[in-house]
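Here is a short briefing on one protein chain.

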Amino acid sequence: MNRTLQIYISILVLLLVTIVVIDSNRPKPIDWTPTYSLKDKIPFGLYVLDNEIGSLLKNQKIEKFNSTPYEFFQNNSSYDDNQEQGTFLSISKIDHFDKQSVNEICSYVGEGNTAFISAETLPNELLDSLNLKMDNEYKYADSIYNWVTNKRLGNKKYKIIEGVNNNYFSKIDSQNTTVLGCQNGDSTRVNFVKVNYKSGSFYLHTQPVAFTNFHLLKGNHYEYAQKVLSYIPMGKVFWCINEQNGEVISQSPMRYILSQPALKWAWYLFLIGMILFILFNAKRKQRIVPIKIPLANTTVDFTKTIGNLYYQEGDHNTIIDKKIIYFLEKIRNEYLMETLKLDHDFIQKLHHKSGKKREDIQHVVALINAYRKNSFHSVEEDLIQINNAIEKIVN
C-alpha cells in the first residue's frame, strides 16, 4: 500500500470518527409522536401515567392486559358475578376496537360494571349503541380550555393546547347521558360524558392528551387529569394497553447490537472498514509475467527454402509434382474423398462438398490429367497456370 493511499484512508477514518463524536454529543430532537405507549418518555407517551396511576386511583387494584377486550373478557373470569364491580379502562389516541370487542365491553358494562374510555375517536358501533354522535370543530382556536362541570371539583379551566383535538359530542341522549366536561369555553362543546347503560355506566372522554407525559408534568394540568379520573368508581380496574406497552420485538438477529448505540456504531465502522479493505485490495497481486516470443515455424521457412531452390534450379516438374501431391492430400484429409481417379464423379463430389465452382474444379482436374499424360512442356508458364488453378480450390 503506497503512502498516498494510506493518507486517504487516514483522512476518511478521521472524518468518520469526527462525525460519530459530533452526532453523539448533539442533543436529540424532541419526538412529538403521539404513541401513547407506557414505555415512552417522549411528550405524548404514557410513562408518567403508568408510574403515577396508583396515586391517581388510590386503593384500587389495577390489572393491565395486552390483548383485545374480546380476548380478555372471553378468557378472564376474575370479574364474574361473585366478584366486586370493576372498571374497564382505555386511554389511547384512537380506539381500534373491533365489533366483537365493543359487544364484549357493552356486555361487561351491562352487568353493572363501568367502562372509562378516553380517545379522540370512538367506534361507531359504540356511539350507535349509546345514541351518541361525534363531530369536529374545524375552526382554529389560539386558546383551548378544558374543564369539568362538577362544581364540587371546582370550575377551574385548564388551557391545554399541545396535542389537543376539536372533537366533541354533538348529540347526546339527555335521558341517559350526563355532561361531565366541556372544552373551548363553550358549554355546547361537550368532551366528557357519563352514559348509563343497563346496570352499568360508560365514561367517554375525547381529550386523551391530558394524560400524556407532557401535560401531567406541565404546570397544573395534572389537576385536570385527576378530576377526570376521579369519576372512576372504587373497585378493580382492568387497563387495556393493547399495542401500547411499547414492546415491539424485532425479528432481526442483529436486534441487540443495533439497540445499543456503542455496539451499533462499532458494527457500522467494522462494515465500512471491510468495504474499504475489499475495494483497495480488489486487484489481484502477482509477479509480472515476462513476455516470451513464440518459437518460429521453421517448417514453413524450410518449405520456402526448398521451393526457392527448385525454382532457381529450373526444376519445374518437381515443383508441379509437389503441388499436385499437396492438393490431393488436402482433398483426402479435408473432404474424405478418394483421389485415385480424377473423373466426372470426383468433380461432382468435390463440387458438393467444397462448394467451389464446378468450372474451377473441372479446370484443375483437366490440368492435372494433362500433366500426368505428359501434355505439358514443364515450362514456367505451365507451373504458374497449374498453381493458380490449385489455389482457387484450396483457398
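Leu271 sits in helix 9. The model is predicted. Leu271 has a relative accessible area of 33%, so it counts as partly exposed. Leu271 also belongs to a nonpolar surface patch.

**Surface patches**

- The nonpolar patch consists of Leu258, Trp265, Tyr268, Phe270, Leu271, Met274, Phe277 and Ile278.
- Together these residues have about 730 Å² of accessible area.
- Helix 9, residues 261-280, supplies the largest share of the patch, with seven residues.
- A patch of negative charge also lies on the surface, formed by Glu71, Asp98, Glu125 and Asp128.
- Glu125 belongs to helix 5, which spans residues 124-129.
- Glu125 is partly exposed, at 35% relative accessible area.

**Salt bridges**

- How many salt bridges does a search of the whole structure find? The count is eight.
- One of them joins the side chains of Lys64 and Asp50, at 2.2 Å from N to O. This pair links distant parts of the chain, with Lys64 in strand 1 and Asp50 in helix 2 (residues 47-56), 14 residues apart.
- Lys64 is partly exposed at 38% relative accessibility, whereas Asp50 is buried at 18%.
- Lys156 pairs with Glu223 in a salt bridge, and their closest N and O atoms are 3.9 Å apart. Lys156 lies in the loop between strand 5 (145-148) and strand 6 (158-159) and Glu223 in helix 7 (residues 221-229), so the bridge ties together parts 67 residues apart in sequence.
- Lys156 is partly exposed, with 40% relative accessibility. Glu223 is partly exposed, with a relative accessible area of 23%.
- Lys218 and Glu162 form a salt bridge, with 2.9 Å between the closest N and O atoms. The pair links distant parts of the chain: Lys218 is in the loop between helix 6 (213-217) and helix 7, and Glu162 is in the loop between strand 6 and strand 7 (167-171), 56 residues away.
- Lys218 is partly exposed at 30% relative accessible area, and Glu162 is partly exposed at 27%.

**Buried positions and cysteines**

- Phe65 is part of strand 1, residues 62-65. Its relative accessibility is 5%, so Phe65 counts as buried.
- The C-alpha atoms of Phe65 and Ile241 are 6.0 Å apart, although 176 residues separate them along the chain.
- Cys182 is buried, with a relative accessible area of 2%.
- Cys240 is also buried, at 3% relative accessibility.
- How many disulfides are counted, taking cysteine sulfur atoms within 2.5 Å as the rule? The count is zero.

Key:
Residues numbered from 1 in each chain as written. Predicted model: local features only at pLDDT ≥ 70, side-chain atom pairs only at ≥ 80, totals over all residues. Heavy atoms only, no water. Patch = residues over 30% accessible without salt bridge, like charges linked within 9 Å, V, L, I, M, F, W, Y side chains within 5 Å. Areas by Shrake-Rupley, 256 points an atom, 1.4 Å probe, with all protein chains shown as cover. Salt bridge = Lys/Arg side-chain N within 4 Å of Asp/Glu carboxyl O. Lys, Arg positive; Asp, Glu negative; His and termini not counted. Charge placed at Lys NZ, Arg CZ, Asp CG, Glu CD. Helix = DSSP H or I, 4+ residues; strand = E, 2+ residues; numbered from the N terminus. Buried < 20%, exposed > 50% of the residue type's maximum accessible area, 1.4 Å probe, protein only. Disulfide = S-S within 2.5 Å.
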